[in-house]
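Open the model in your viewer and keep the selection tool ready. We will go stop by stop.

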There are 2 protein chains.
Amino acid sequence: MGRKRIRDIRHEELIEATITAVHQRGYGVVTMAEIAREAGASAASINYYFGSKEGLMEATMRHLLNKLKTAMIEGYGAANSPRDRLCAVMNANFSDGLYSVPQCSLWMQFWGSAPYSKRLSRLHRINRARVRSHFLAELRALLPADQVETARQALQCYMDGVWLQAAQSDVPVDPACARRAAHDVVDLVLG
Amino acid sequence: MGRKRIRDIRHEELIEATITAVHQRGYGVVTMAEIAREAGASAASINYYFGSKEGLMEATMRHLLNKLKTAMIEGYGAANSPRDRLCAVMNANFSDGLYSVPQCSLWMQFWGSAPYSKRLSRLHRINRARVRSHFLAELRALLPADQVETARQALQCYMDGVWLQAAQSDVPVDPACARRAAHDVVDLVLG
DNA sequence: AATCATTTTTTAAACAGCCATTCAAGTTTT
DNA sequence: AAAACTTGAATGGCTGTTTAAAAAATGATT
(Lines give C-alpha, C1' and ligand atoms only; values in the text may rest on other atoms or scores of the structure.)
Protein backbone atom coordinates (compact mmCIF):
# COMPACT_ATOMS: atom_id res chain seq x y z
CA MET A 1 0.00 0.00 0.00
CA GLY A 2 2.60 2.48 1.10
CA ARG A 3 4.75 1.26 -1.77
CA LYS A 4 2.60 2.91 -4.35
CA ARG A 5 1.89 6.09 -2.42
CA ILE A 6 4.82 8.27 -3.36
CA ARG A 7 4.53 7.37 -7.00
CA ASP A 8 0.88 8.37 -7.09
CA ILE A 9 1.50 11.58 -5.20
CA ARG A 10 4.25 12.65 -7.59
CA HIS A 11 2.12 11.77 -10.60
CA GLU A 12 -0.66 14.03 -9.39
CA GLU A 13 1.69 16.83 -8.43
CA LEU A 14 3.46 16.77 -11.75
CA ILE A 15 0.25 16.63 -13.76
CA GLU A 16 -1.22 19.53 -11.84
CA ALA A 17 2.02 21.45 -12.37
CA THR A 18 1.81 20.66 -16.06
CA ILE A 19 -1.67 22.10 -16.34
CA THR A 20 -0.59 25.30 -14.63
CA ALA A 21 2.69 25.65 -16.47
CA VAL A 22 1.27 24.91 -19.92
CA HIS A 23 -1.50 27.40 -19.32
CA GLN A 24 0.99 30.06 -18.28
CA ARG A 25 3.63 29.52 -20.93
CA GLY A 26 2.06 27.59 -23.81
CA TYR A 27 2.35 23.98 -24.84
CA GLY A 28 5.03 24.41 -27.44
CA VAL A 29 7.17 26.71 -25.35
CA VAL A 30 6.97 25.37 -21.83
CA THR A 31 10.13 23.59 -20.65
CA MET A 32 10.66 20.63 -18.38
CA ALA A 33 12.49 22.91 -15.96
CA GLU A 34 9.48 25.23 -15.70
CA ILE A 35 7.08 22.40 -15.03
CA ALA A 36 9.47 20.94 -12.49
CA ARG A 37 9.86 24.27 -10.72
CA GLU A 38 6.07 24.64 -10.59
CA ALA A 39 5.89 21.25 -8.87
CA GLY A 40 8.89 21.87 -6.63
CA ALA A 41 10.79 19.02 -8.22
CA SER A 42 13.60 18.59 -10.73
CA ALA A 43 13.39 18.06 -14.45
CA ALA A 44 15.11 14.72 -14.07
CA SER A 45 12.35 13.41 -11.82
CA ILE A 46 9.81 14.02 -14.55
CA ASN A 47 11.67 11.66 -16.78
CA TYR A 48 11.96 9.22 -13.92
CA TYR A 49 8.18 9.09 -13.62
CA PHE A 50 6.97 9.73 -17.15
CA GLY A 51 9.85 8.70 -19.35
CA SER A 52 9.79 11.78 -21.53
CA LYS A 53 8.12 15.11 -22.06
CA GLU A 54 5.65 13.56 -24.45
CA GLY A 55 4.85 10.91 -21.86
CA LEU A 56 4.02 13.62 -19.37
CA MET A 57 1.80 15.39 -21.83
CA GLU A 58 -0.05 12.22 -22.68
CA ALA A 59 -0.57 11.42 -19.01
CA THR A 60 -1.89 14.91 -18.40
CA MET A 61 -4.32 14.60 -21.26
CA ARG A 62 -5.45 11.22 -20.01
CA HIS A 63 -6.06 12.78 -16.63
CA LEU A 64 -8.34 15.42 -18.12
CA LEU A 65 -10.14 12.90 -20.30
CA ASN A 66 -10.79 10.75 -17.27
CA LYS A 67 -12.25 13.66 -15.36
CA LEU A 68 -14.53 14.34 -18.28
CA LYS A 69 -15.53 10.74 -18.63
CA THR A 70 -16.33 10.45 -14.93
CA ALA A 71 -18.39 13.62 -14.90
CA MET A 72 -20.27 12.41 -17.94
CA ILE A 73 -21.12 8.99 -16.57
CA GLU A 74 -22.21 10.52 -13.30
CA GLY A 75 -24.60 13.03 -14.85
CA TYR A 76 -25.86 10.52 -17.36
CA GLY A 77 -27.08 8.18 -14.67
CA ALA A 78 -29.06 10.87 -12.89
CA ALA A 79 -30.87 12.07 -16.01
CA ASN A 80 -33.97 10.28 -17.19
CA SER A 81 -35.27 12.00 -20.27
CA PRO A 82 -33.49 12.42 -23.61
CA ARG A 83 -33.39 16.16 -23.14
CA ASP A 84 -31.93 15.82 -19.66
CA ARG A 85 -29.33 13.41 -20.94
CA LEU A 86 -28.34 15.89 -23.63
CA CYS A 87 -27.95 18.49 -20.92
CA ALA A 88 -25.95 16.01 -18.87
CA VAL A 89 -23.33 15.78 -21.60
CA MET A 90 -23.17 19.56 -21.67
CA ASN A 91 -23.04 19.74 -17.89
CA ALA A 92 -20.09 17.37 -17.83
CA ASN A 93 -18.15 19.53 -20.24
CA PHE A 94 -18.95 22.61 -18.22
CA SER A 95 -18.68 21.04 -14.78
CA ASP A 96 -17.03 22.92 -11.93
CA GLY A 97 -13.95 20.73 -11.90
CA LEU A 98 -13.34 20.91 -15.64
CA TYR A 99 -14.47 24.21 -17.03
CA SER A 100 -11.70 26.58 -15.93
CA VAL A 101 -9.44 28.84 -17.93
CA PRO A 102 -6.24 26.82 -17.36
CA GLN A 103 -7.89 23.54 -18.28
CA CYS A 104 -9.62 24.90 -21.36
CA SER A 105 -6.31 26.45 -22.30
CA LEU A 106 -4.58 23.13 -21.97
CA TRP A 107 -7.31 21.45 -23.95
CA MET A 108 -6.94 23.83 -26.79
CA GLN A 109 -3.20 23.38 -26.89
CA PHE A 110 -3.76 19.66 -27.04
CA TRP A 111 -6.13 20.07 -29.93
CA GLY A 112 -3.40 21.97 -31.68
CA SER A 113 -0.78 19.33 -31.03
CA ALA A 114 -2.89 16.23 -31.53
CA PRO A 115 -2.49 16.06 -35.31
CA TYR A 116 1.28 15.75 -34.91
CA SER A 117 1.37 12.98 -32.34
CA LYS A 118 0.08 9.47 -32.83
CA ARG A 119 -0.58 9.00 -29.15
CA LEU A 120 -2.38 12.29 -28.65
CA SER A 121 -4.49 12.05 -31.77
CA ARG A 122 -5.69 8.64 -30.71
CA LEU A 123 -6.93 9.99 -27.39
CA HIS A 124 -8.52 12.87 -29.16
CA ARG A 125 -10.35 10.68 -31.63
CA ILE A 126 -11.72 8.39 -28.96
CA ASN A 127 -13.06 11.22 -26.87
CA ARG A 128 -14.69 12.94 -29.79
CA ALA A 129 -16.36 9.74 -30.90
CA ARG A 130 -17.81 9.17 -27.46
CA VAL A 131 -19.34 12.63 -27.23
CA ARG A 132 -20.65 12.27 -30.75
CA SER A 133 -22.42 9.00 -30.13
CA HIS A 134 -24.00 10.30 -26.94
CA PHE A 135 -25.40 13.27 -28.76
CA LEU A 136 -26.69 11.17 -31.62
CA ALA A 137 -28.40 8.67 -29.35
CA GLU A 138 -30.44 11.35 -27.60
CA LEU A 139 -31.15 13.49 -30.61
CA ARG A 140 -32.60 10.57 -32.51
CA ALA A 141 -35.27 10.30 -29.82
CA LEU A 142 -36.13 13.98 -30.08
CA LEU A 143 -35.92 15.06 -33.69
CA PRO A 144 -36.88 13.82 -37.15
CA ALA A 145 -34.05 11.83 -38.70
CA ASP A 146 -33.11 14.49 -41.25
CA GLN A 147 -32.48 17.09 -38.56
CA VAL A 148 -30.38 14.95 -36.27
CA GLU A 149 -27.03 15.51 -37.93
CA THR A 150 -27.43 19.28 -38.18
CA ALA A 151 -28.42 19.47 -34.55
CA ARG A 152 -25.52 17.31 -33.46
CA GLN A 153 -23.01 19.44 -35.31
CA ALA A 154 -24.53 22.58 -33.89
CA LEU A 155 -24.29 21.29 -30.32
CA GLN A 156 -20.87 19.70 -30.55
CA CYS A 157 -19.31 22.64 -32.35
CA TYR A 158 -20.92 24.98 -29.86
CA MET A 159 -19.31 23.09 -27.01
CA ASP A 160 -15.89 23.19 -28.61
CA GLY A 161 -16.32 26.84 -29.44
CA VAL A 162 -17.18 27.76 -25.87
CA TRP A 163 -14.05 26.05 -24.61
CA LEU A 164 -12.01 27.81 -27.20
CA GLN A 165 -13.37 31.10 -25.98
CA ALA A 166 -12.76 30.23 -22.34
CA ALA A 167 -9.16 29.34 -23.13
CA GLN A 168 -8.57 32.91 -24.20
CA SER A 169 -10.38 34.65 -21.40
CA ASP A 170 -8.25 36.72 -19.08
CA VAL A 171 -10.86 36.62 -16.34
CA PRO A 172 -12.13 33.46 -14.60
CA VAL A 173 -15.09 31.78 -16.24
CA ASP A 174 -18.33 30.76 -14.52
CA PRO A 175 -19.27 27.09 -14.99
CA ALA A 176 -22.85 27.51 -13.72
CA CYS A 177 -23.38 30.31 -16.18
CA ALA A 178 -21.95 28.24 -19.02
CA ARG A 179 -24.29 25.39 -18.16
CA ARG A 180 -27.28 27.69 -18.22
CA ALA A 181 -26.25 29.07 -21.60
CA ALA A 182 -25.75 25.54 -22.89
CA HIS A 183 -29.26 24.57 -21.80
CA ASP A 184 -30.60 27.56 -23.68
CA VAL A 185 -28.78 26.39 -26.77
CA VAL A 186 -30.16 22.88 -26.33
CA ASP A 187 -33.69 24.26 -26.15
CA LEU A 188 -33.00 26.46 -29.14
CA VAL A 189 -31.84 23.50 -31.18
CA LEU A 190 -34.74 21.32 -30.10
CA GLY A 191 -37.11 24.08 -31.20
CA MET B 1 7.40 49.89 -59.99
CA GLY B 2 9.91 47.14 -60.58
CA ARG B 3 11.62 48.21 -57.39
CA LYS B 4 8.89 46.83 -55.18
CA ARG B 5 8.21 43.68 -57.15
CA ILE B 6 10.77 41.30 -55.73
CA ARG B 7 9.98 42.26 -52.20
CA ASP B 8 6.27 41.58 -52.71
CA ILE B 9 6.89 38.31 -54.50
CA ARG B 10 9.10 37.03 -51.70
CA HIS B 11 6.59 38.12 -49.09
CA GLU B 12 3.86 36.10 -50.76
CA GLU B 13 6.07 33.09 -51.35
CA LEU B 14 7.25 33.00 -47.77
CA ILE B 15 3.77 33.44 -46.34
CA GLU B 16 2.38 30.65 -48.49
CA ALA B 17 5.29 28.46 -47.44
CA THR B 18 4.55 29.29 -43.82
CA ILE B 19 0.94 28.17 -44.13
CA THR B 20 2.00 24.88 -45.66
CA ALA B 21 4.88 24.23 -43.30
CA VAL B 22 2.98 25.13 -40.14
CA HIS B 23 0.13 22.90 -41.21
CA GLN B 24 2.50 20.02 -41.81
CA ARG B 25 4.70 20.35 -38.77
CA GLY B 26 2.84 22.44 -36.17
CA TYR B 27 3.24 26.04 -35.13
CA GLY B 28 5.42 25.42 -32.11
CA VAL B 29 7.66 22.89 -33.80
CA VAL B 30 8.20 24.19 -37.31
CA THR B 31 11.66 25.65 -37.92
CA MET B 32 12.83 28.52 -40.03
CA ALA B 33 14.84 26.07 -42.13
CA GLU B 34 11.73 24.03 -42.92
CA ILE B 35 9.74 27.06 -43.96
CA ALA B 36 12.64 28.27 -46.05
CA ARG B 37 13.02 24.93 -47.78
CA GLU B 38 9.29 24.91 -48.56
CA ALA B 39 9.72 28.29 -50.23
CA GLY B 40 12.97 27.39 -51.95
CA ALA B 41 14.85 30.06 -50.03
CA SER B 42 17.22 30.25 -47.09
CA ALA B 43 16.42 30.80 -43.43
CA ALA B 44 18.47 33.97 -43.45
CA SER B 45 16.28 35.51 -46.14
CA ILE B 46 13.26 35.16 -43.90
CA ASN B 47 14.93 37.35 -41.35
CA TYR B 48 15.90 39.73 -44.09
CA TYR B 49 12.28 40.22 -45.06
CA PHE B 50 10.42 39.73 -41.79
CA GLY B 51 12.98 40.50 -39.11
CA SER B 52 12.27 37.42 -37.03
CA LYS B 53 10.25 34.27 -36.81
CA GLU B 54 7.56 36.05 -34.86
CA GLY B 55 7.44 38.76 -37.51
CA LEU B 56 6.79 36.11 -40.15
CA MET B 57 4.03 34.54 -38.10
CA GLU B 58 2.38 37.89 -37.53
CA ALA B 59 2.56 38.71 -41.23
CA THR B 60 1.04 35.34 -42.08
CA MET B 61 -1.83 35.90 -39.70
CA ARG B 62 -2.39 39.35 -41.05
CA HIS B 63 -2.58 37.82 -44.50
CA LEU B 64 -5.32 35.41 -43.43
CA LEU B 65 -7.20 38.06 -41.51
CA ASN B 66 -7.17 40.26 -44.58
CA LYS B 67 -8.57 37.50 -46.73
CA LEU B 68 -11.34 37.04 -44.19
CA LYS B 69 -12.06 40.74 -43.98
CA THR B 70 -12.22 41.06 -47.75
CA ALA B 71 -14.55 38.08 -48.11
CA MET B 72 -16.76 39.48 -45.37
CA ILE B 73 -17.08 42.97 -46.85
CA GLU B 74 -17.80 41.52 -50.27
CA GLY B 75 -20.63 39.26 -49.12
CA TYR B 76 -22.02 41.87 -46.81
CA GLY B 77 -22.60 44.32 -49.63
CA ALA B 78 -24.52 41.81 -51.74
CA ALA B 79 -26.90 40.78 -48.95
CA ASN B 80 -29.97 42.87 -48.24
CA SER B 81 -31.90 41.29 -45.42
CA PRO B 82 -30.71 40.73 -41.85
CA ARG B 83 -30.86 36.99 -42.33
CA ASP B 84 -28.87 37.17 -45.55
CA ARG B 85 -26.28 39.33 -43.85
CA LEU B 86 -25.98 36.78 -41.07
CA CYS B 87 -25.38 34.15 -43.70
CA ALA B 88 -22.89 36.44 -45.40
CA VAL B 89 -20.70 36.44 -42.29
CA MET B 90 -20.90 32.67 -42.22
CA ASN B 91 -20.18 32.45 -45.95
CA ALA B 92 -17.07 34.55 -45.53
CA ASN B 93 -15.73 32.22 -42.85
CA PHE B 94 -16.48 29.22 -45.00
CA SER B 95 -15.53 30.74 -48.33
CA ASP B 96 -13.64 28.71 -50.91
CA GLY B 97 -10.39 30.58 -50.44
CA LEU B 98 -10.40 30.38 -46.65
CA TYR B 99 -12.02 27.19 -45.50
CA SER B 100 -9.33 24.60 -46.15
CA VAL B 101 -7.62 22.15 -43.84
CA PRO B 102 -4.22 23.87 -43.88
CA GLN B 103 -5.69 27.28 -43.22
CA CYS B 104 -7.99 26.10 -40.45
CA SER B 105 -5.04 24.28 -39.01
CA LEU B 106 -2.99 27.44 -39.02
CA TRP B 107 -5.85 29.35 -37.50
CA MET B 108 -6.17 26.94 -34.65
CA GLN B 109 -2.47 27.05 -33.93
CA PHE B 110 -2.76 30.79 -34.01
CA TRP B 111 -5.54 30.67 -31.45
CA GLY B 112 -3.34 28.56 -29.24
CA SER B 113 -0.40 30.94 -29.45
CA ALA B 114 -2.27 34.22 -29.29
CA PRO B 115 -2.45 34.40 -25.48
CA TYR B 116 1.35 34.33 -25.27
CA SER B 117 2.12 37.05 -27.79
CA LYS B 118 1.14 40.70 -27.48
CA ARG B 119 1.14 41.17 -31.21
CA LEU B 120 -0.89 38.06 -32.02
CA SER B 121 -3.45 38.55 -29.26
CA ARG B 122 -4.11 42.03 -30.51
CA LEU B 123 -4.92 40.75 -33.98
CA HIS B 124 -7.08 38.06 -32.47
CA ARG B 125 -9.06 40.47 -30.31
CA ILE B 126 -9.75 42.82 -33.18
CA ASN B 127 -10.99 40.08 -35.47
CA ARG B 128 -13.22 38.54 -32.84
CA ALA B 129 -14.76 41.89 -31.98
CA ARG B 130 -15.59 42.55 -35.60
CA VAL B 131 -17.37 39.25 -36.09
CA ARG B 132 -19.18 39.74 -32.82
CA SER B 133 -20.52 43.15 -33.68
CA HIS B 134 -21.69 42.00 -37.09
CA PHE B 135 -23.63 39.17 -35.52
CA LEU B 136 -25.16 41.40 -32.88
CA ALA B 137 -26.26 44.03 -35.36
CA GLU B 138 -28.22 41.54 -37.44
CA LEU B 139 -29.61 39.49 -34.59
CA ARG B 140 -31.07 42.55 -32.92
CA ALA B 141 -33.23 43.04 -35.97
CA LEU B 142 -34.47 39.46 -35.88
CA LEU B 143 -34.92 38.39 -32.27
CA PRO B 144 -36.31 39.73 -29.00
CA ALA B 145 -33.59 41.46 -26.99
CA ASP B 146 -33.30 38.74 -24.38
CA GLN B 147 -32.48 36.08 -26.96
CA VAL B 148 -29.87 38.00 -28.87
CA GLU B 149 -26.88 37.16 -26.73
CA THR B 150 -27.68 33.45 -26.57
CA ALA B 151 -28.10 33.32 -30.32
CA ARG B 152 -24.87 35.19 -30.93
CA GLN B 153 -22.90 32.85 -28.74
CA ALA B 154 -24.46 29.86 -30.40
CA LEU B 155 -23.54 31.09 -33.86
CA GLN B 156 -20.07 32.37 -33.10
CA CYS B 157 -19.09 29.30 -31.10
CA TYR B 158 -20.50 27.11 -33.83
CA MET B 159 -18.30 28.82 -36.38
CA ASP B 160 -15.20 28.42 -34.25
CA GLY B 161 -16.08 24.82 -33.54
CA VAL B 162 -16.44 23.96 -37.20
CA TRP B 163 -13.00 25.39 -37.94
CA LEU B 164 -11.57 23.46 -35.08
CA GLN B 165 -13.01 20.30 -36.52
CA ALA B 166 -11.74 21.09 -40.01
CA ALA B 167 -8.24 21.67 -38.64
CA GLN B 168 -8.16 18.06 -37.52
CA SER B 169 -9.64 16.48 -40.59
CA ASP B 170 -7.37 14.22 -42.55
CA VAL B 171 -9.48 14.52 -45.67
CA PRO B 172 -10.16 17.77 -47.56
CA VAL B 173 -13.20 19.73 -46.41
CA ASP B 174 -16.02 21.02 -48.60
CA PRO B 175 -16.70 24.76 -48.28
CA ALA B 176 -20.04 24.65 -50.08
CA CYS B 177 -21.22 21.92 -47.77
CA ALA B 178 -20.08 23.87 -44.71
CA ARG B 179 -21.98 26.93 -45.90
CA ARG B 180 -25.14 24.92 -46.33
CA ALA B 181 -24.79 23.47 -42.84
CA ALA B 182 -24.18 26.95 -41.47
CA HIS B 183 -27.37 28.22 -43.09
CA ASP B 184 -29.26 25.38 -41.47
CA VAL B 185 -27.86 26.41 -38.12
CA VAL B 186 -28.82 30.01 -38.74
CA ASP B 187 -32.38 28.96 -39.47
CA LEU B 188 -32.38 26.73 -36.43
CA VAL B 189 -31.29 29.59 -34.21
CA LEU B 190 -33.76 32.03 -35.72
CA GLY B 191 -36.53 29.53 -35.01
C1' DA C 1 24.97 50.20 -75.73
C1' DA C 2 28.40 49.81 -72.47
C1' DT C 3 30.38 51.00 -68.18
C1' DC C 4 30.43 51.43 -63.47
C1' DA C 5 28.89 52.93 -58.86
C1' DT C 6 25.11 52.04 -55.85
C1' DT C 7 21.52 49.63 -53.85
C1' DT C 8 19.08 45.45 -53.08
C1' DT C 9 18.95 40.58 -52.53
C1' DT C 10 20.94 36.07 -51.17
C1' DT C 11 23.15 32.67 -48.37
C1' DA C 12 26.95 29.96 -46.14
C1' DA C 13 29.01 29.86 -42.07
C1' DA C 14 29.64 31.28 -37.42
C1' DC C 15 27.48 32.31 -33.12
C1' DA C 16 25.22 31.95 -28.91
C1' DG C 17 21.82 29.92 -26.28
C1' DC C 18 18.58 26.70 -24.91
C1' DC C 19 16.55 22.26 -23.97
C1' DA C 20 15.31 17.19 -23.28
C1' DT C 21 17.55 13.44 -21.77
C1' DT C 22 21.03 10.59 -19.40
C1' DC C 23 23.83 9.13 -15.73
C1' DA C 24 26.21 8.60 -11.70
C1' DA C 25 26.14 9.55 -7.17
C1' DG C 26 23.66 10.54 -3.44
C1' DT C 27 19.30 10.36 -0.04
C1' DT C 28 15.24 8.36 1.76
C1' DT C 29 12.04 4.72 2.47
C1' DT C 30 10.89 -0.12 3.06
C1' DA D 1 20.59 -4.37 3.04
C1' DA D 2 17.71 -3.52 -0.80
C1' DA D 3 14.68 -0.88 -3.30
C1' DA D 4 12.77 3.38 -4.45
C1' DC D 5 13.44 8.03 -5.10
C1' DT D 6 16.00 12.48 -6.21
C1' DT D 7 18.98 15.58 -8.55
C1' DG D 8 23.33 18.25 -10.14
C1' DA D 9 25.98 18.09 -13.77
C1' DA D 10 27.29 16.54 -18.27
C1' DT D 11 25.83 15.47 -22.96
C1' DG D 12 24.49 16.12 -27.49
C1' DG D 13 21.64 18.14 -30.58
C1' DC D 14 19.04 21.61 -32.46
C1' DT D 15 17.46 26.54 -33.30
C1' DG D 16 16.92 31.56 -34.36
C1' DT D 17 19.72 35.16 -35.45
C1' DT D 18 23.81 37.74 -37.07
C1' DT D 19 27.51 38.69 -40.07
C1' DA D 20 30.19 39.26 -43.87
C1' DA D 21 30.83 38.68 -48.35
C1' DA D 22 29.15 37.52 -52.90
C1' DA D 23 25.64 37.97 -56.58
C1' DA D 24 22.07 40.34 -58.92
C1' DA D 25 19.43 44.27 -60.08
C1' DT D 26 19.22 49.18 -60.83
C1' DG D 27 20.20 53.63 -62.61
C1' DA D 28 23.11 57.23 -63.98
C1' DT D 29 26.74 58.61 -67.23
C1' DT D 30 29.13 58.32 -71.11
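Helices (H or I, at least four residues) and strands (E, at least two) are DSSP runs, numbered from the N terminus. Residues are numbered from 1 along each chain as its sequence is written, and chains are lettered from A and ligands numbered from 1 in the order in which they are written. This is a predicted model: local features need pLDDT of at least 70, side-chain atom pairs count only at pLDDT 80 or more, and totals for chains, interfaces and linings use all residues.

**Stop 1: the DNA**

Select DNA strand C. How many residues surround DNA strand C? There are 18, and the closest are A:T31, A:M32, A:S52, A:K53 and B:A44. A residue is near a strand or molecule if its C-beta atom, placed from the backbone, lies within 6 Å of it.

Now colour the helices. In chain A, helix 1 (2–25), helix 2 (32–39) and helix 3 (43–50) each supply at least two residues of the surface near DNA strand C.

**Stop 2: helix 2 of chain A**

Select helix 2 of chain A. Its buried residues are A:I35, A:E38 and A:A39. Buried means 20 or more other C-beta atoms within 10 Å of a residue's own; all are placed from the backbone. Look down the axis of helix 2 of chain A: its buried residues fall within an arc of 95 degrees, so they line one face of the helix. The arc is that of the directions from the helix axis to the C-beta atoms. Next, click A:G40, which follows helix 2 of chain A and has a positive phi, near 70 degrees.

**Stop 3: two domains**

Chain A is divided into domain 1 (1–51) and domain 2 (57–190). Such bounds come from an automatic or database domain assignment. The C-alpha centres of the two domains of chain A lie 26 Å apart. Nine residues of domain 1 of chain A are in contact with ten of domain 2 of chain A. Contact means C-beta atoms, placed from the backbone, within 7 Å.

**Stop 4: chain A meets chain B**

Show both chains. Here 30 residues of chain A are in contact with 29 residues of chain B. Which helix of chain A gives the most to this side? Helix 8 of chain A does, with eleven residues.

Finally, superpose the copies. A rotation of 180 degrees with 0.1 Å of shift along its axis puts chain A on chain B (RMSD 0.1 Å). That is the relation of a two-fold axis.

Conventions: Two residues are in contact if their C-beta atoms, placed from the backbone, lie within 7 Å. Copies are superposed by least squares on the C-alpha atoms of residues with pLDDT of at least 70 in both. A residue is buried if 20 or more other C-beta atoms lie within 10 Å of its own, exposed if 12 or fewer, and partly exposed in between; C-beta atoms are placed from the backbone.
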